[in-house]
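Good morning, everyone. Let's go through one chain, from the overall fold to a few single residues. Here it is.

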Amino acid sequence: MIHLSQAAISEIGRLQLKQQPNALLRLTIKLGGCSGWFYDLSFDQTVKADDRVFDLSSIKVVIDDESLNYVNGLALDYSEDLMGGGFRFHNPQAIATCGCGNSFSIATSSHV
């Protein structure tokens, strides 16, 4: 399961207003980044056959089956500091993260 903080819910809601009606938030894990894997957030209109859809505080979050293996228990937050605002990912499966917080590695060697 994925957890969204109130700050993340507010920011996603603000960003959704700029999208097509009924836009879904897509969370994908991709190979790359300085720690091996990175999080990719985007808006999408399509639900694919291998997607799972979660309704989290009235936000529809779409995650493909492969990515779901990497984000079980993920907490998504949003915060602003002197460098600007951004989403913060807190993944209990991560054994290492990079300084930017968007790249991580896990103990298993599965491929997305």
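First, a term. Buried means under 20% relative accessible area, exposed means over 50%, and partly exposed lies in between, with a 1.4 Å probe and protein chains only as cover. By that cut-off, the buried residues of helix α1, residues 6–16, are A8, I9, E11, I12 and Q16.

Now the ground rules. This is a predicted model: local features need pLDDT of at least 70, side-chain atom pairs count only at pLDDT 80 or more, and totals for chains, interfaces and linings use all residues. Numbering starts from 1 along each chain as its sequence is written, and side-chain values use heavy atoms, with hydrogens and water left out.

On to the fold. The chain has two helices and nine strands. Helices are DSSP runs of H or I with at least four residues, strands are runs of E with at least two, and both are numbered from the N terminus. The order from the N terminus is β-α-β-β-β-β-α-β-β-β-β. The radius of gyration is 14 Å, close to the 13 Å that the globule rule gives for 112 residues, so the chain is as compact as a globular protein of that length. That radius is taken over C-alpha atoms, and the rule is 2.2 Å times the number of residues to the power 0.38. Along its principal axes, the C-alpha trace spans about 40 × 40 × 20 Å.

Buried residues make up 38% of the 112 residues. Contact here means heavy atoms within 4.5 Å. Take the contacts with a separation of 6 or more: residues 24 or more positions apart account for 50% of them.

Back to α1. What do its buried residues pack against? The partners are β1 (3–4), β2, β3, β5 (59–64), β6 (75–81) and β7. Keep in mind that an α-helix has 3.6 residues a turn, so residues three or four places apart point the same way.

Next, two loop residues. Is N91 buried or exposed? N91 is buried, at 11% relative accessible area. N91 sits in the loop between β7 (84–90) and β8 (94–97). Its side chain makes a polar contact of 3.1 Å with the side chain of Y39. A polar contact is a pair of N or O atoms within 3.5 Å; within protein, one must be able to donate a hydrogen and the other to accept it, and residues adjacent in sequence count only if both atoms are side-chain atoms. A polar atom of the N91 side chain also lies 2.9 Å from the backbone nitrogen of Q93. Setting aside neighbours within four places in sequence, N91 touches Y39, Y70, V71, N72, L74 and F104.

G33 is in the loop between β2 (24–31) and β3 (37–44). G33 counts as exposed, at 55% relative accessibility. Beyond residues up to four places away in sequence, G33 touches F38 and S103. From G33 to L74 is 41 residues in sequence and 18 Å in space, C-alpha to C-alpha.

Last, backbone angles. Most residues other than glycine have a negative phi. N22 has a positive phi of about 65° and is not a glycine. N22 lies in the loop between α1 and β2, and at 69% relative accessibility N22 counts as exposed. S57 also has a positive phi, near 55°. S57 is in the loop between β4 (51–56) and β5.
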